[in-house]
Structure formats: C-alpha cells, structure tokens
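Here are a few friendly notes to go with the model. Please have the viewer open as you read through the points.

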Amino acid sequence: MNAWWIVPLVALLYGCAAFLGLRFSASICEKIVPFEDGPRPGKPPTIALIVGATIVGGILAARGLPILGLAVFAVLIVSLVASWYSDVRCGIVPDYFTLVPLVLVLGIASLERNVSPIVSAVIVFVPFAGVAFFSKGRGMGWGDVKLVALGAAVLGLRTSVLAFSAACLLAVTIAVVRRRRHEPIAFVPYLAGSMAVALTVPVFA
C-alpha cells in the first residue's frame, strides 16, 4: 500500500462510511422515544464526525495498515459515529451499532484462531457491566457497555483501558465544570472520541 493515492482514497471511504452511519442512525432514531430520565436530547455534530472519520482513515492508511486492518477499523468507525449520533439525539445506543459489529469482529478473530480480541472484550466488559448493573443504567447505560466491549476487541486490552480511563476522567471533569454531576449525560461521545484518538495516536499503541 505505497501508492500515493491510497491515503486520500481510504480517507474518502472512511468519510463515506461515517456518512452512511449517520444516515442509518438518524433513520433509527426517528422511531425511538427517548427515556424521560435519560440524557437531554442534543444536536450531534454531523459535519465534525464525517471530517473526523476522514482524518482517521487518512492517518491509518498513511501508517501502512493492511487492508483487513483498515476494514476492521472502518467497521469500528461506523459504529462509533452511529452510536455518537443516537446517544446525543435520543439517549439510546441500539444493538445494531454495537452487538452486530462486535459479533463480526469476534467472528473474524475466531476464524483466525486469535483469542486476544475475545479476552480483551470480556475483561473490559465485566467492570463496565458491573457499573451499569448496580447503577440500574443511570451511572452507565448498557449501550455504553456493549460499545466498550467492541472497542476492547478492536483496540486490544492495554489501548482500550487507557482510552476508556481517559474518557471517564474527561466525562467526570466536564460534568463537574458544568455542574451536572447528578444529571445523566450522553457518555458515548467521550468513549467514541477516546477510541478515535487511540486509533491514531502512537502513544496508545
């Protein structure tokens, strides 16, 4: 993958994937009634998400990732963009955006006899699931839990732990600054943002 046109092509494909994720998420959100005790509905930054996905695709291509790696990360990007939109728009993350790609990623890992994604997903899933269970979905929703499992499967254990720790710290800090510590917030943007950064910043690798 040394041809000069690979980088802009992959960047364009990632941008298109993000756009499709947004459209799919928007169509599903039209049928969802937000919970009364959920996060306040907001306006997702659609343009920023497409631009961000395009940049991520370009960086990954410039790093010379193989086609399979680019494809797996593209699936993650679609999931992150769609989940971000739905969480901000209606406070819910449908299983289409988390479980479906998670099954796909773990299926590929199983075919390659690679247990690392499965182990990473399980280890990261357990503590987040505990928070969701004991807080009855208020401290963290089950959609968030499924998303972190997907992120761990794709990013690996070490990288995902660093990314999710940063996301939690940032979310708490912003909630304190905005004096919204006791209000439910859309947590997916923090998770998705941290995972996107982890894909592109070498320090997380």
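1. Helix H5 (residues 116–134) supplies 6 residues, the largest share of the nonpolar patch. Helices here are DSSP runs of H or I with at least four residues, numbered from the N terminus. The patch covers about 720 Å² of surface and is made by Ile 118, Val 122, Phe 125, Val 126, Phe 133, Phe 134 and Trp 142. Accessible areas come from the Shrake-Rupley method with a 1.4 Å probe.

2. A word on the basis: this is a predicted model, where local features need pLDDT of at least 70, side-chain atom pairs count only at pLDDT 80 or more, and totals for chains, interfaces and linings use all residues. Residues are numbered from 1 along each chain as its sequence is written, and side-chain values use heavy atoms, with hydrogens and water left out.

3. Val 122 lies in helix H5 and is partly exposed, at 47% relative accessibility (buried is under 20%, exposed over 50%, partly exposed in between).

4. How many disulfides does the structure hold? There are 0, a disulfide being a pair of cysteine sulfur atoms within 2.5 Å. The closest cysteine sulfur to that of Cys 90 is in Cys 29, at 3.3 Å, which is too far for a bond. Cys 90 is buried, at 3%, while Cys 168 is partly exposed, at 28%.

5. Do look at Arg 113, in the loop between helix H4 (99–111) and H5. Its phi is near 55°, a positive value in a residue other than glycine, and Arg 113 is exposed at 79% relative accessible area.

Methods:
Patches are made of residues with over 30% relative accessible area and no salt bridge: like charges are joined within 9 Å, nonpolar side chains (Val, Leu, Ile, Met, Phe, Trp, Tyr) within 5 Å. A salt bridge is a side-chain nitrogen of Lys or Arg within 4 Å of a carboxyl oxygen of Asp or Glu. Helices (H or I, at least four residues) and strands (E, at least two) are DSSP runs, numbered from the N terminus. Buried means under 20% relative accessible area, exposed over 50%, partly exposed in between (1.4 Å probe, protein chains only).
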